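Take a look at the structure, then read on.

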Amino acid sequence: GLTDAGAAAGILVGGGAAVTAVLITVLGPPLTGWPATLTAQPAAWTVPLAFTVMVAVSLATRRRAPADIGRTMLRLHAPDTLRL
C-alpha cells in the first residue's frame, strides 16, 4: 500500500533528519547525555520516523494508486515462466 507520495515523504523526512543529526554531531557543539546519543546514532530514531511518515502519507494518499496496481505488481514479480 505504499504510494509514491508516501515513499517521497519518508525519504525526505527520514533522510533530512539523519543528515541534520550528522551535521549537528560533526559541526555542532559537544553534546552530552541523550542528545549526544541521539545524534551519534540517528538510525535509532530516524528509521522509525521515516517509516511512520511513509505509512501516514500513504494512507492519506491511497486514492492516488492505480486500480490495476495488483496486476502490475504481479507481472513485475512473478517468474517469467508464468508468462503473465
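**The pocket and a helix**

The largest pocket holds about 210 Å³ of space. Here a pocket is an open set of points on a 1 Å grid over the protein atoms alone, where a 1.4 Å probe fits, with protein on both sides within 12 Å along at least five of seven lines; the volume is the space filled by probe spheres set on the points, joined across faces, edges and corners. Bear in mind that this is a predicted model: local features need pLDDT of at least 70, side-chain atom pairs count only at pLDDT 80 or more, and totals for chains, interfaces and linings use all residues. Residues are numbered from 1 along each chain as its sequence is written, and side-chain values use heavy atoms, leaving out hydrogens and water.

**Pocket lining**

- G1, L2, T3, D4, R62, R64, A65, P66, I69 and M73 line the largest pocket (an atom within 4 Å of a point).
- A65 sits in the loop between α3 and α4 (69–77), and its C-alpha is 8.3 Å from that of G1, 64 residues away along the chain.

**Helix α3**

- Helices are DSSP runs of H or I, at least four residues, numbered from the N terminus.
- T46, A50, V53 and S58 of α3 are buried (under 20% relative accessible area, 1.4 Å probe, protein chains only).
- Those buried residues fall within an arc of 120 degrees seen down the axis of α3, so they line one face of the helix; the arc is taken from the directions from the helix axis to the C-beta atoms.
- On the other side of α3, A44, F51, T52 and L59 are exposed (over 50%).

Terms used:
Helix = DSSP H or I, 4+ residues; strand = E, 2+ residues; numbered from the N terminus.
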